[in-house]
Amino acid sequence: MDKPVGDIGMEKEQTVTSLALLASFLRLGASSFGGGMAGWTHREIVERRAWLTDEEFLKTLTVAQIMPGANPVNLAVYIGLKLRGIAGACIALFGMVLPAFAVILVMSVTYQQLRSHPEAQAVLRGLACVGIASSLTMGIKTARRLKAHALPILMALSVFLMVGVLHWSLVAVVAATIPVSVAATFWIEREKSRG
């Protein structure tokens, strides 16, 4: 039961040590607050450590986003599970949560002292911009490496338009686009197998 899951072979289990996994997620937990955690995780796990490929990371990110709970925690747990089994999931969770917990405690006390200063509000707005930029960077890098197909691009643009521009309900848009996305994926795969 303590074996890695998914389509990553046994060679990953032998190359990813528990200590390296803990170090990576402690670093991620300490540096990725304020948003953009998926971007930081992509950089660490795919680009720096090469523990997952872009395709494996996207599959993992998708699973983490559809599960209930906080996406960064889900992503950490699922990556740990894929790389080191149940022990890896626990290590990744601990590494992700510990720095954030400590930082939140310190920052909440500090914020109580400084919240009336406009400079504190400016810093918070700056951190939000960094999180958005990090997420966009990860999305652009990953999208460039994927094989272009018009249908997924159209789906992504449609969801962006409906939620980001028209401000439709995210839940309603996702509920409506899931069946369309699944059907589109089956159609694309069938076309690939034919040709």
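L127 is found in helix α6, and that residue is a handy way into this predicted model. At 32% relative accessibility, L127 counts as partly exposed, because the band for that label runs between 20% and 50%.

**The patch and the pocket**

L127 belongs to a nonpolar surface patch that also takes in M107, Y111, V123 and L124. Together these residues put about 410 Å² of accessible area on show. Two helices, α5 (71-114) and α6 (118-145), each supply at least two residues of that patch. The most comes from α6, which gives three residues.

Now look at the second largest pocket, which has a volume of about 180 Å³. The elements giving two or more residues to its lining are α5 and α6. Its lining is made up of M107, S108, T110, Y111, L114, A120, V123, L124 and L127, so you will meet the patch residue L127 again here. In the pocket the largest share of the lining, five residues, comes from α5, while in the patch α6 gives the most.

**The overall build**

Zooming out, the protein has eight helices and zero strands. Read from the N terminus on, the elements simply go α-α-α-α-α-α-α-α. There are 195 residues in the protein, and buried ones make up 28% of them.

Two loops deserve a quick stop. A50 sits in the loop between α3 (37-48) and α4 (54-66), and its phi is near 55°, a positive value in a residue other than glycine. A50 is partly exposed, at a relative accessible area of 47%. Further along, H167 lies in the loop between α7 (150-165) and α8 (170-194). H167 isn't a glycine either, yet has a positive phi of about 60°. With a relative accessible area of 65%, H167 is exposed.

**Salt bridges**

Side chains of opposite charge can pair when their charged atoms come close. In this structure there are six salt bridges, and the table lists some of them.

| Salt bridge | N to O distance |
|---|---|
| R49 and E44 | 3.2 Å |
| E55 and K59 | 3.5 Å |
| E189 and K192 | 3.6 Å |

E55 and K59 both lie in helix α4, four residues apart, which is about one turn of the helix. E55 is exposed at 52% relative accessible area, and K59 is partly exposed at 42%.

E189 and K192 are separated by about one helical turn, because they are three residues apart in helix α8. E189 counts as partly exposed at 44% relative accessibility, and K192 counts as exposed at 51%. Elsewhere, salt bridges that share partners join R27, E44, R48 and R49 into one network.

**Cysteines**

How many disulfides does a search of the whole structure find? It comes back with zero. A disulfide is a covalent bond between the sulfur atoms of two cysteines. As for individual cysteines, C90 is partly exposed, with a relative accessible area of 49%, and C129 is exposed, at 51%. The two labels differ because exposed means over 50%, with C90 at 49% and C129 at 51%.

Terms used
Residues are numbered from 1 along each chain as its sequence is written. This is a predicted model: local features need pLDDT of at least 70, side-chain atom pairs count only at pLDDT 80 or more; totals for chains, interfaces and linings use all residues. Side-chain values use heavy atoms; hydrogens and water are left out. A disulfide is a pair of cysteine sulfur atoms within 2.5 Å. Buried means under 20% relative accessible area, exposed over 50%, partly exposed in between (1.4 Å probe, protein chains only). Patches are made of residues with over 30% relative accessible area and no salt bridge: like charges are joined within 9 Å, nonpolar side chains (Val, Leu, Ile, Met, Phe, Trp, Tyr) within 5 Å. Accessible areas come from the Shrake-Rupley method with a 1.4 Å probe; for residues, only the protein chains shown count as cover. A salt bridge is a side-chain nitrogen of Lys or Arg within 4 Å of a carboxyl oxygen of Asp or Glu. On a 1 Å grid over the protein atoms alone, a cavity is a set of points where a 1.4 Å probe fits but cannot get out, and a pocket is an open set with protein on both sides within 12 Å along at least five of seven lines; lining residues have an atom within 4 Å of a point. Grid points are joined across faces, edges and corners, and a volume is the space filled by probe spheres set on the points.
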